[in-house]
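Here is a friendly tour for anyone opening this model for the first time. Keep the sequence and the 3D view side by side as you read.

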Amino acid sequence: MISCRPFVVLLLILIAVAMPALSRGDAPSVLEAGFGKPPLRAKVRAYWWWLDSNVTKVSITRDLEWMESIGMGGGLVFDAGGPAGPTPFGPLYGSPEWRELFRHTLHEADRLGLEITVNPQSGWNLGGPNVKPELAGKHIAWSQYQVTGPLRVSASLPVPRHTLDFYRDSYVVAYRLKEAVNAKSLPSPRTKGAKATAEMLVGSERHLPIRDLASKAVFHELGGNAPDCSSLLEDVAAKPGEEDVAAKDVLNLTANFKNGQLTWDAPEGRWQILRFGYSNNGGRVSTSSGKWQGLVIDYLDPEALKAYWAEVVEPIIAVAGPLAGRTFKGFQTDSWEGGGLNWTRRMPDEFRSRRGYEIWPYLPIVAGAIVDSRDVSNRFLADLRKTIGDCFADNHYAVMQQLAAKHGMYLHCEAGGPHAGPFDALKNWGHCGAPMGEYWVYSPHRPTEESRFFMKGAASAAHIYGHTIACGEGFTSIGPHWNDILWSSQKPTFDHESCAGLNLTYWHAFACSPAEAGIPGQQYFAGTHFDPSITWANQAHAFIGYMDRCQFLLQQGQFVADVCYYNGDNVPNLIGRKQADPGNVLPHYDYDVVNEEVLLTRLSVRDGKLTIPTGPTYRVLVLPNIKTISPAALKKVRELVAAGATVVGPCPEHTITLQDYPACETTLKQTADELWGKGRIVEGKTARQALADLKVPPDFESDSAGRLDFIHRRDGSTEIYFVSNPTADPVAVRASFRVEGLQPELWDPMTGTHRDAADFQKVGSRMQVPLEFGPYGSVFVIFRRPTAADGHGHNYARYVEAGKVHGPWTVAFDPKWGGPKSAKFDKLTSWTSSSEPGIRYYSGTATYRTTFDCPAGGGRLALDLGTVDNIAEVRLNGKNLGVAWAPPFRVEITKAVQSKGNSLEVDVVNTWYNRVILDQTLPLAKRLTHTNVQLPKGAKPLESGLLGPVRLMKIEE
């Protein structure tokens with residue numbers, strides 16, 4: 001007889017194991033496991049500078065082993081110039097010697113379980129010594145010639161001003177001048193600081209907002225980083241009779257022009273003849289190493305990229321062998337800083353296929369003429385800019401992604417700014433498997449949030465194009481060296497952009513430095529220095545662990561937002577920081593930004609909500625506060641409204657294209673009357689007000705008057721909120737979440753621990769949770785399983801002073817770095833207050849030692865270190881209690897403390913700053929530190945050490 005008992009027992013075991021998982025929401029084991037030990041894709045990466053290619057196999061292995069040891073996931077190999085001071089030159093980028101170093105990198109990374117991506121050049125602005133003018137960036141050049149007819153013209157037309165002895169013709173056109181117009185009063189394009197690569201006649205007040213797209217200066221004029229460029233869509237009022245020619249009267253004389261010679265029978269009148277062609281835009285590779293100099297490829301020409309890829313990139317991929325697509329994961333190119341470009345050799349065909357009409361009758365507009373009318377001329381310019389933007393995305397980033405995909409790789413390009421350029425940022429990012437932005441720590445170079453934070457665009461691109469990762473070049477700065485404080489600089493910066501959608505950081509700057517360069521070695525001129533030579537290399541795992549845990553949770557599920565903001569179809573089109581809030585959504589709701597491509601091809605309506613196939617849903621679509629809209633966008637808005645979508649925004653006054661013009665204007669007026677005139681689109685209200693009218697409650701709010709920031713993700717039925725205190729002040733709040741009937745859990749990314757909240761209340765369809773934050777504090781609040789009752793306990797322990805550790809302290813410095821082997825501190829003071837140079841200017845680790853007795857009473861105890869500059873690691877009675885790198889600089893000692901004779905050791909670490917400023921005053925032979933960084937003359941040492949007071953704290957539950 002076969003017994004069924006073993007089967008029943010097994011079934012009961014399986015049920016017992018499964019029930020907790022089912023009761024706690026979607027796959028809780030995944031959350032717990034990943035939070036405790038973040039997987040590879042959540043781990044911080046290195047923005048790994050190979051400065052002047054001066055790296056060795058030994059330094060490469062050392063860097064990779066340290067990355068692995070502290071919880072990093074690998075790095076982006078970025079060969080470049082730009083060191084903070086002179087460094088030796090290594091092998092030329094892409095040479096056999098360089099490829100051997102890269103091959104070694106891949107094999108070592110594979111051994112360590114890391115991932116590598118690479119910048120496919122040295123420096124940035126893709127290009128190099130192999131790029132010929134024919135395949136380099138271009139812009140329009142023209143010259144003019146006037147004749148009076150009737151006349152048989154046989155003349156050499158002036159060659160337009162050009163660069164690099166490179167010029168090619170495109171068209172020769174002519175139009176009859178008005179009688180009152182002469183050569184001195186011809187209209188001129190409205191350019192400010194345009195490069196002298198085209199003939200311009202200056203002097204007329206009859207101008208157009210051309211803003212030469214071949215000019216770097218125009219982008220600075222528009223506002224520098226991530227500017228709002230919609231002003232290009234507006235112009236001064238038209239004046240009667242200001243037009244120069246009708247498009248139908250522009251003559252195409254290209255067939256009459258051979259070898260620089262025009263042969264033409266000019267009719268009666270005074271004729272303006274314009275010779276149009278193109279030359280190089282002057283864009284060159286920036287900040288490259290050694291002989292890797294040269295022109296930037298034509299981003300508008302797919303053949304330019306393909307030629308470069310075949311010659312430069314494929315040989316690099318070849319050294320990877322089977323590691324391509326496995327350890328060697330992809331490619332990154334930096335933000336566009338190559339100036340403007342407004343032409344490519346196939347531009348006439350590109351323009352015709354994309355805009356539906358010929359470009360040549362309107363080229364006189366580029367030379368300053370008004371064709372048909374000011375309105376028509378501006379429409380043509382908008383069409384030209386849009387074509388340039390389309391080519392930027394489709395002929396460069398899309399092609400690069402296709403080339404990478406052949407090897408199982410992806411792109412994580414900084415394809416959307418923040419430096420202004422002639423492109424649609426979101427469309428560029430849409431071709432990147434992991435859209436990449438950047439964010440900066442505070443420095444005098446970038447002191448404002450507007451100039452530091454740019455992750456919202458890359459995050460929106462990831463959400464709307466269906467990518468999990470929104471990565472960022474992080475902690476960039478210009479000016480500071482080794483004087484950043486993690487808890488008050490890097491952490492709040494990281495938290496700020498995490499709330500904007502960042503979920504993978506490439507730490508900038510991590511410099512590979514050979515042993516011959518000394519310590520701290522060769523460094524890049526910008527960024528927060530982070531590599532094995534930093535003084536706190538042994539404690540770096542603590543902050544990296546914080547970031548890894550945050551990034552793991554922020555990669556789960558889908559971003560939750562109630563609003564999608566349509567940023568129009570104009571080019572340039574860039575996206576600033578989250579707090580720019582163009583749709584008036586914040587602070588209690590959140591939003592994504594969508595572009596015309598996503599609006600037209602990916603946005604639909606289901607059950608009254610706007611949806612995207614890859615997951616995000618929104619309650620409201622917000623239109624931009626501008627007067628224009630494309631006919632295609634307006635048609636799609638009409639379809640969305642008909643399907644039940646709620647749309648908020650002003651009624652557009654006109655289109656900004658010559659496609660289907662002027663019929664498109666009639667259609668616009670009819671559609672606008674149907675939608676706005678009959679109240680089907682909400683006008684005159686903010687997105688917040690529209691959401692309130694729809695009875696959509698705030699996603700997150702608190703009684704802190706909007707001081708907290710947040711981001712919300714949803715993974716199945718699990719709600720994940722990250723909440724951050726962006727201020728240096730402690731904050732205690734009652735936070736309210738748009739979650740009904742689920743138990744709140746508090747997940748602390750600082751410690752890697754999590755627990756159920758004991759104090760919470762169900763208020764209607766919301767959950768209220770008391771939260772407490774230290775300076776720049778943060779927490780994840782996660783809801784996974786039902787709860788039937790409120791919680792009436794305490795979410796946070798109380799710390800009550802139970803005694804002080806008075807010392808005296810014996811402090812051991814490292815004589816290798818100029819400190820005394822031992823010093824006695826009767827009271828805790830900054831090293832900088834010492835009269836002994838070896839202490840005052842000491843950089844590195846100093847170990848504080850003392851003994852103390854524990855007060856009677858039992859219970860849980862903590863050690864509060866008071867003020868620490870900068871990082872502390874605590875050992876009590878030989879047991880390591882961990883790293884304290886942020887206020888309150890406190891560790892629990894319950895399991896290590898004894899009643900009498902406790903032996904306390906505290907390693908305190910500052911940065912290289914103090915020793916470097918001393919060494920700069922010494923002869924080279926007497927210096928202990930060696931680096932190419934030059935700190936400001938007369939710089940004062942930064943406060944360092946354990947400053948206390950050190951106290952024993954009783955932990956009360």
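## A strand with partners on both sides

S1 and strand S17 (residues 504–511) pair in the parallel sense over four bridges. Here a strand is a DSSP run of E with at least two residues, a helix is a run of H or I with at least four, and both are numbered from the N terminus; two strands pair if DSSP finds at least two bridges between them. Ala 46 has Trp 507 as its bridge partner in S17. S1 also runs parallel to strand S2 (residues 74–80), joined to it by seven bridges, and Trp 50 stands opposite Asp 79 in S2.

This is a predicted model in which local features need pLDDT of at least 70 and side-chain atom pairs count only at pLDDT 80 or more, while totals for chains, interfaces and linings use all residues. Residues are numbered from 1 along each chain as its sequence is written, and side-chain values use heavy atoms, with hydrogens and water left out.

How many residues of strand S1 (residues 45–51) are buried? Seven of the seven are, so S1 is largely enclosed by the rest of the structure. Buried means under 20% relative accessible area, exposed means over 50%, and partly exposed lies in between, using a 1.4 Å probe and protein chains only. In a regular strand the side chains alternate between the two faces of the sheet. In S1 both faces are covered: Arg 45, Tyr 47, Trp 49 and Leu 51 are buried on one side, and Ala 46, Trp 48 and Trp 50 on the other.

## The nonpolar cores

A nonpolar core is a set of buried Ala, Val, Leu, Ile, Met, Phe, Trp, Tyr and Cys residues joined through side-chain atoms within 4.5 Å. In soluble globular proteins, nonpolar side chains tend to be buried together. The largest core here has 188 residues, and those touching the most other members are Trp 48, Phe 331, Phe 380, Trp 507, Phe 530 and Leu 621. Helix H9 (residues 374–405) gives the most to this core, with twelve residues. There is also a second, separate core of 42 residues, which includes Phe 813, Trp 831, Leu 865 and Val 868.

Take a look around Leu 621. Leaving aside neighbours within four places in sequence, Leu 621 is in contact (heavy atoms within 4.5 Å) with residues including Cys 564, Tyr 566, Leu 599 and Leu 610. Leu 610 itself stands opposite Tyr 618 in S24, where strand S23 (residues 609–611) and S24 pair in the antiparallel sense over two bridges. These strands belong to an open sheet of three, in the order S22-S23-S24, with antiparallel pairing. Strand S22 (604–606) and strand S24 (617–618) are the edge strands, each pairing on one side only.

## Rings and charges

The structure holds 54 aromatic pairs. Rings of Phe, Tyr and Trp (its six-membered ring) pair if their centres lie within 6.5 Å; planes under 30 degrees apart count as stacked, over 60 as edge-to-face and the rest as tilted. The rings of Phe 722 and Phe 780 have centres 4.7 Å apart and planes at 40°, so this pair is tilted. The pair links distant parts of the chain, with Phe 722 in strand S29 (residues 718–724) and Phe 780 in strand S35 (residues 778–786), 58 residues apart. Both Phe 722 and Phe 780 are buried.

Ring pairs also link a cluster whose members include Trp 66, Tyr 439, Trp 507, Phe 530 and Trp 885. Elsewhere, a charge sits over a ring if NZ of Lys or CZ of Arg is within 6 Å of the ring centre and within 35 degrees of the ring normal. The charged end of Lys 456 sits over the ring of Tyr 591, 4.4 Å from its centre, and that of Arg 755 sits over the ring of Tyr 796, 5.4 Å from its centre.

## A buried loop residue and a hairpin

Val 805 is found in the loop between strand S37 (798–804) and strand S38 (809–812). Is Val 805 buried or exposed? Val 805 is buried, with a relative accessible area of 5%. Its contacts beyond four places in sequence include Thr 850, Phe 852 and Val 950.

Strand S43 (residues 871–876) and strand S44 (residues 879–884) pair in the antiparallel sense over five bridges. They form a hairpin with two residues between them, and Asn 877 in the turn has a positive phi of about 55°.
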